[in-house]
Amino acid sequence: MGIIRKDYILDRLVYYATERRKRPREFRSVEVRDNSKLCSFCPWNTHLTPPEIGRVEYKNGWKLRWFLNKFPAVEKNGNPKLKSKKFYSEGSSYGIHEIIVETQHHKSQLADLPVQQIRELLEVYKFRIKDLSKLKGIRYVEIFKNHGKDAGTSLIHSHSQVMALPQIPTLVMEESEAVKKYRKCPYCDIIRHEAKSKRKIFETKNVVAFAPFASRFNYEAWIFPKRHKKNMEQLDENELGDLAVALKKILVKLKKINVSYNFFVHYSPEKEKLNASLRAFSQAGLHFHIEIAPRIATWAGFELSTNAVINSVMPEDAARFYRGR
């Protein structure tokens, strides 16, 4: 018999049909061959990118560097506000779109990098969110990574993307509004429960990683700091270090089955407009976390027509896969 589950706090349903599942070793796919001599992210081709905004130095070169996206989805021109007339709202695709190149090495992916370098990448995330959030008209800075052709990446050289936006993303607002319905942070309770459940993947003194109860993606994983932190700026060195350890462990496992994935950070938007009916409830803000979404299954007609998802891997089985038992 199939199972249906609802997200912890969102009105989001997932249908589990485990008979569709294929074993992880059958998810292997062939990587696209490419030519590093033509790659604009390689160290000998830095002249092919827009001017550098910043870098993490390494000997006489760099470990990480970031710059504006040459083909941005949003740009810093026009008006950040939408103009509305009855059913029609329109405006400029205002914002800032940056690329963070995660390593000099063309064939190294994030899972291959040492934990220290992943921690430095998280530090860069923290810095870019803080810096870009100060700009006029920017209400949220979304950071995400696409890895593999099924996750939407167009360049193999390992990189993350940063988008500073004039609107708070709908999903972040839904999470933030749902949190306010509770007198204290619901995710703090969820973390404590999941740390004792069959869905736990990994735990340290400072963070816990688990497969969410109503996971939408095959082998989906979330990483939370145990202490309530609203954003990356509040994370201390130990928390960042443990986040890097957890992220590497998960990505190494995904590399073994050679799947595409996306991951992204969600944090509490400081510039959100509070719903007046919820002000008497929790003001703790959204609990910062990282979500990893492997792109094994293709969303089709059911998902697009219902906004619900069919998942062929139970989260308890996903956690067992990550734990290696």
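Contact means that heavy atoms lie within 4.5 Å, and helices (H or I, at least four residues) and strands (E, at least two) are DSSP runs numbered from the N terminus. The model shown is predicted, so local features need pLDDT of at least 70 and side-chain atom pairs count only at pLDDT 80 or more, while totals for chains, interfaces and linings use all residues. Residues are numbered from 1 along each chain as its sequence is written, and side-chain values use heavy atoms, with hydrogens and water left out.

**View 1. Helix α6 and the elements it packs against.** Helix α6 covers residues 315–323, and its buried residues are Pro 315, Glu 316, Ala 318, Ala 319, Phe 321 and Tyr 322, where buried means under 20% relative accessible area, exposed over 50% and partly exposed in between (1.4 Å probe, protein chains only). These buried residues pack against several elements, including β1 (3–6), β2 (13–16), α4 and β14 (289–294). After α6 comes Gly 324, whose phi is positive, near 85 degrees.

**View 2. Strand β2 and its two partners.** Two strands pair if DSSP finds at least two bridges between them. Strands β1 and β2 run antiparallel and are joined by 4 bridges, forming a hairpin with 6 residues between them, and Lys 6 has Leu 13 in β2 as its bridge partner. Strand β15 (residues 309–311) runs parallel to β2 and is joined to it by 3 bridges, with Asn 311 in β15 opposite Tyr 16.

**View 3. The largest nonpolar core.** A nonpolar core is a set of buried Ala, Val, Leu, Ile, Met, Phe, Trp, Tyr and Cys residues joined through side-chain atoms within 4.5 Å. The largest one here has 72 residues, and Tyr 187, Ile 223 and Ile 292 are among those with the most contacts inside it. Helix α4 (residues 237–256) gives the largest share of this core, 8 residues. Apart from it lies another core, of 7 residues, including Cys 39 and Val 101.

**View 4. The surroundings of Arg 55.** Arg 55 belongs to strand β3 (residues 52–58) and is partly exposed, with a relative accessible area of 30%. Beyond its neighbours within four places in sequence, Arg 55 is in contact with Gly 61, Trp 62, Leu 64, Arg 65 and Trp 66.
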